[in-house]
Amino acid sequence: MTEEAILKGCLQSDPAAQKELYNRYSPKMLSVCYRFAHNREDAEDMLQEGFIKIFSQMHTFGNRGAFEGWIRRIMVHTCINILKKNKKFNESVDIIHATAVQVREESVPSIVQAKQIVECIRMLPVGYRTVLNLYAIEGYSHREIGTMLEIEESTSRSQYTRAKAMLQDILIRKNILQKPKEDIEWLAAMKR
């Protein structure tokens with residue numbers, strides 16, 4: 001079934017078209033939800049709620065941009081709304097969690113399997129995890145994130161910085177990433 005046929009069928013509430021849409025996009029969208037969720041059950045709940053919104057808002061698509069991108073935006077917003085509704089995003093995160101490890105974008109090697117990184121991202125506190133996902137993976141600006149999460153733009157920036165530091169620390173502890181050479185030299189100098 002073509003994308004155009006799926007769209008037309010979904011607009012007419014055709015169960016076969018809805019099933020095809022779900023089967024085609026649910027695996028990718030589950031991975032989006034999984035990055036925001038605490039566990040697989042929460043991710044599946046987010047996915048189901050997201051698809052309910054997709055089916056009920058299908059008439060708003062209007063072929064402006066990529067269909068998959070439209071679906072992804074609805075999923076991301078659904079995840080955020082669920083987190084906000086459950087007040088999970090507002091859980092406090094102590095600054096003590098952010099370590100002093102210097103963070104650089106190129107410090108996470110591209111060869112690390114995505115599954116390992118996703119598992120480590122899921123270990124972050126929900127606020128850090130949400131901002132990291134929105135900025136680094138989904139590509140939203142800190143201003144957009146601030147609006148979505150009802151926080152200051154500067155809060156988004158600091159949560160992102162702390163999330164990167166904490167993620168790097170987790171990756172180092174799990175031996176997925178090596179400690180930057182400067183940090184090792186600095187620690188050796190401190191021991192002298």
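H1 passes H2 in a left-handed crossing. A crossing is called left-handed if the near helix is turned anticlockwise from the far one by less than a right angle, and right-handed if clockwise. The model is predicted, so local features need pLDDT of at least 70 and side-chain atom pairs count only at pLDDT 80 or more, while totals for chains, interfaces and linings use all residues. Residues are numbered from 1 along each chain as its sequence is written, and side-chain values use heavy atoms, with hydrogens and water left out.

Helix packing was examined for two pairs. Two packed helices are described by the angle between their axes and the distance between the axes. Helices (H or I, at least four residues) and strands (E, at least two) are DSSP runs, numbered from the N terminus. Axes are lines fitted to C-alpha atoms, for helices over the stretch in contact, and angles run from 0 to 180 degrees between N-to-C directions.

The axes of H1 and H2 cross at roughly 130 degrees and come within 8 Å. H1 and H2 are therefore oblique to each other. Angles under 35 degrees count as roughly parallel, over 145 as roughly antiparallel, 65 to 115 as roughly perpendicular, and the rest as oblique. On the H1 side, Glu3, Ile6, Gly9 and Cys10 take part in the contact (heavy atoms within 4.5 Å). Their counterparts in H2 are Ala17, Gln18, Glu20, Leu21, Arg24 and Tyr25. By class, the contact of H1 with H2 has 5 nonpolar, 2 polar and 3 charged residues. Here Ala, Val, Leu, Ile, Met, Phe, Trp, Tyr, Cys and Pro count as nonpolar, Asp, Glu, Lys and Arg as charged, and the others, Gly among them, as polar.

The second pair is H2 (residues 15-36) and H3 (residues 40-56). Their axes lie 9 Å apart, at an angle of about 135 degrees. H2 and H3 are therefore oblique to each other. The crossing of H2 with H3 is right-handed. H2 contributes Gln18, Leu21, Tyr22, Tyr25, Ser26, Met29, Leu30, Cys33, Tyr34 and Phe36. These residues meet Arg40, Ala43, Glu44, Met46, Leu47, Gln48, Phe51, Ile54 and Phe55 in H3. The contact of H2 with H3 divides into 14 nonpolar, 3 polar and 2 charged residues.

Backbone torsions were considered next. Most residues other than glycine have a negative phi, and most peptide bonds are trans. Ser13, which is not a glycine, has a positive phi near 55 degrees. Ser13 is found in the loop between H1 (3-11) and H2. Glu150 also has a positive phi, of about 60 degrees, although it is not a glycine. Glu150 is found in the loop between H7 (142-149) and H8 (153-173). Glu150 is exposed, with a relative accessible area of 63%. Buried means under 20% relative accessible area, exposed over 50%, and partly exposed in between (1.4 Å probe, protein chains only).

The structure holds 10 salt bridges. A salt bridge is a side-chain nitrogen of Lys or Arg within 4 Å of a carboxyl oxygen of Asp or Glu. Glu153 pairs with Arg143, the closest N and O atoms being 3.6 Å apart. This pair links distant parts of the chain, with Glu153 in H8 and Arg143 in H7, 10 residues apart. Glu153 is partly exposed at 27% relative accessible area, whereas Arg143 is exposed at 59%.

Glu153 also forms a salt bridge with Arg157, where the closest N and O atoms are 2.9 Å apart. Arg157 and Glu153 are 4 residues apart in H8, so about one helical turn separates them. Arg157 is partly exposed, at 44% relative accessibility.

Arg173 and Asp169 form another salt bridge, with closest N and O atoms 3.3 Å apart. Both residues lie in H8, 4 residues and about one turn of the helix apart. Arg173 is exposed at 55% relative accessibility, while Asp169 is buried at 18%. Elsewhere, salt bridges that share partners join Arg35, Arg72 and Glu138 into one network.

Asn133 lies in H6 (residues 126-137). Asn133 is buried, at 0% relative accessibility. Leaving aside its neighbours within four places in sequence, Asn133 is in contact with Arg35, Phe36, Ile121 and Glu138. Of these, Arg35 and Glu138 belong to the salt-bridge network with Arg72, and Phe36 takes part in the contact of H2 with H3.
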